[in-house]
Amino acid sequence: MSERLAFSPSEILLLGPGPSPVHPRVLAAQSAPVLGHLDPEFVALMDRVQADLRSVFGTNNPFTLPISATGSAGMEACIVNLAQPGTNCVVGVHGVFGERMVDLCERQGGTVHVVRSDYGKPLDVERMLQTIREQKPGLVAFVHAETSTGVLTPDDEVRAIARATHEADGYLILDCVTSLGGRRMALDDWGVDAAYSGTQKCLGVPPGLSPVSFSDRAMQAARDRPSRCTSWYLDVNLLGGYWGGERKYHHTAPISAVYGLAAGLDLVFEEGLEARFARHVRAARALIAGIEVLGLSPLVETGYRTPMLTSVNVPDGIDAKAVMQHLRAVHKIEIGGGLGSLAGKIWRIGLMGHGARLTSVLRVLSGLGDALQRQGETRDVTEALRMAEAVHDAQDRTDSPA
Ligand SMILES: *Cc1c(COP(=O)(O)O)cnc(C)c1O
């Protein structure tokens with residue numbers, strides 16, 4: 001018999017757009033004995049996970065639970081339950097994930113009005129509001145933190161779009177995949193009707209689950225729709241029967257993945273939400289200070305930068321891909337490249353969850369400085385590290401990365 005070797009992956013520091021580094025306690029939790037999906041101990045854990053998710057989402061929505069698949073399934077769950085043939089949709093697009101929402105709305109037979117801005121620019125809120133007033137859409141959707149560009153939509157703009165959506169009697173879907181666990185969320189206060197996220201970004205849990213939350217009003221719409229939801233797996237009426245009061249079997253919950261999420265949420269609340277959000281901001285500020293010393297610049301303008309993901313412009317004459325390959329091969333660091341119109345033009349550095357700390361910043365700055373020097377550039381890496389550390393330790397109370 002030939003001997004098979006177990007897969008043994010390298011230890012890579014994950015500073016890309018996700019997955020993010022996973023805390024050893026989360027990995028350990030996932031290797032605990034498997035319970036049945038209706039076992040009383042597991043049901044108690046489900047209740048705990050749901051309560052914790054409500055806290056990070058900033059909501060009292062009873063329907064708040066992890067869908068058994070990655071973030072894109074959460075996106076699909078929101079759209080398949082709230083859109084049907086002929087639904088008038090307004091989608092704000094300023095990156096790749098907004099495009100995905102458009103695709104899904106179209107697949108449901110929706111009539112989609114796209115409000116587009118260039119990648120790297122903020123969402124065009126004025127045009128969103130105007131289009132909502134004109135179109136009176138049943139559905140409005142956009143991405144809170146666009147991971148393909150590093151743009152974050154400020155709270156007051158989210159609130160303004162929600163208000164306009166409700167005045168038109170529509171429902172607002174918010175993509176919170178990258179923001180949940182890294183940024184203060186307030187679904188109820190903002191007026192968001194349906195939101196979804198993923199475990200592998202700022203929650204610091206391996207990919208595989210998608211926390212979602214539906215308001216009672218959105219649940220009512222999903223209940224009252226004239227035609228059945230086109231997806232059986234993602235039908236919120238059925239999912240609510242397992243995660244809600246009846247505990248009726250729908251599909252077998254991915255037990256070990258739920259253990260991991262519960263452990264990840266324990267870490268979130270041990271640290272405290274506010275401390276966690278502040279840690280993300282400080283790490284991003286330190287990174288931006290350091291890259292500026294290296295002669296690099298962030299893509300996104302001040303006031304719209306999302307702390308969990310910083311896009312960095314690739315200087316003229318630098319081979320973006322070679323830098324990434326050098327980081328992976330020599331420094332054991334993963335960062336992301338540009339997508340769509342930004343391919344080859346930016347690097348995306350994620351400081352998410354457990355990875356949002358000074359040690360990650362110092363490692364990626366060292367690696368970047370080294371990679372640039374290999375391409376013949378002269379950069380003061382020592383000064384970049386010193387500056388990052390100084391900015392990280394400064395007592396600055398602002399909420400914005402830089
Ligand atoms: C990662 C991401 C998604 C997709 O999530 P998957 O887990 O890859 O399916 C959607 N939206 C945003 C903003 C993301 O960052």
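**Pockets and a buried glutamine**

By class, 7 nonpolar, 6 polar and 3 charged residues make up the lining of the largest pocket. Here Ala, Val, Leu, Ile, Met, Phe, Trp, Tyr, Cys and Pro count as nonpolar, Asp, Glu, Lys and Arg as charged, and the others, Gly among them, as polar. This is a predicted model: local features need pLDDT of at least 70, side-chain atom pairs count only at pLDDT 80 or more, and totals for chains, interfaces and linings use all residues. Residues are numbered from 1 along each chain as its sequence is written, and side-chain values use heavy atoms, with hydrogens and water left out.

**Largest pocket**
- A pocket is an open set of points on a 1 Å grid over the protein atoms alone, where a 1.4 Å probe fits, with protein on both sides within 12 Å along at least five of seven lines; lining residues have an atom within 4 Å of a point.
- Of the 16 lining residues, Glu11, Ile12, Leu13, Pro21 and Val22 lie nearest the centre of the largest pocket.
- Two or more lining residues come from each of β1 (13-14) and α13 (358-374), and α13 gives the most, with 3. Helices (H or I, at least four residues) and strands (E, at least two) are DSSP runs, numbered from the N terminus.

**Gln84**
- Gln84 sits in the loop between α3 (71-82) and β3 (88-93).
- Its relative accessibility is 18%, so Gln84 counts as buried (under 20% relative accessible area, 1.4 Å probe, protein chains only).

How values were computed: Buried means under 20% relative accessible area, exposed over 50%, partly exposed in between (1.4 Å probe, protein chains only).
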